[in-house]
Amino acid sequence: KSMKLNILDIGGKVVKDDDKYIVKDNSTLNNLVVSSTDLKPGKSTSGHTHAGQEEVYHFVKGSGMMKVDDEVFPVQEGDVILIEDGKFHQVINNSKDNCYFVCVFDGSRNH
C-alpha cells in the first residue's frame, strides 16, 4: 500500500515545539524518517552531525542560510541539499518569514 503525503503536512508526531521551531517526524517507513521543520524568523536549528547517517533537505517555503561543515550558503524554496554522512549541518533563518523544510534521513532520529 502506498502512502501519499502533502509536503506541507507530512503527518507523524510533533517531536519538538518551542520558540525556535516545530519539528514533526513521520516514521511510517522501516528505514527512512520524513521530518518537517517550520523554523521561525531570526532563529536557527541547533546544528548537528551524525556518523553513519545521510540526510536530504528540501526547502519548501521561505529562505535562509545553510551551514554544512565550514561552508555557508543561501537556501530558498525549491532547493534540495544533500548532507553527506558525518557532515555538520545547520539551518539559519535570517529572513522575516518562516522557513519550512522537509528532511529525509535513514535510520532513527539520533539528534
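An open sheet of six strands runs in the order β1-β2-β3-β9-β4-β7, with antiparallel pairing. This is a predicted model: local features need pLDDT of at least 70, side-chain atom pairs count only at pLDDT 80 or more, and totals for chains, interfaces and linings use all residues. Residues are numbered from 1 along each chain as its sequence is written, and side-chain values use heavy atoms, without hydrogens and water.

Q: What makes β1 (13-17) and β7 (80-83) edge strands?
A: Each of them pairs on one side only.

Q: How do you know that β3 and β9 pair?
A: Pairing requires that DSSP finds at least two bridges between two strands. Eight bridges join β3 (residues 32-39) to β9 (residues 99-106). They therefore count as paired. Within this pair, Leu32 has Asp106 as its bridge partner.

Q: Why is Glu55 called buried?
A: Buried means under 20% relative accessible area, with a 1.4 Å probe and protein chains only. Glu55 has 2%, so the term applies.

Q: What makes the link between Glu55 and His89 a polar contact?
A: The term needs a pair of N or O atoms within 3.5 Å; within protein, one must be able to donate a hydrogen and the other to accept it, and residues adjacent in sequence count only if both atoms are side-chain atoms. The side chains of Glu55 and His89 make such a contact at 2.7 Å. Another, of 2.8 Å, joins the side chains of Glu55 and His50.

How values were computed:
Helix = DSSP H or I, 4+ residues; strand = E, 2+ residues; numbered from the N terminus. Buried < 20%, exposed > 50% of the residue type's maximum accessible area, 1.4 Å probe, protein only.
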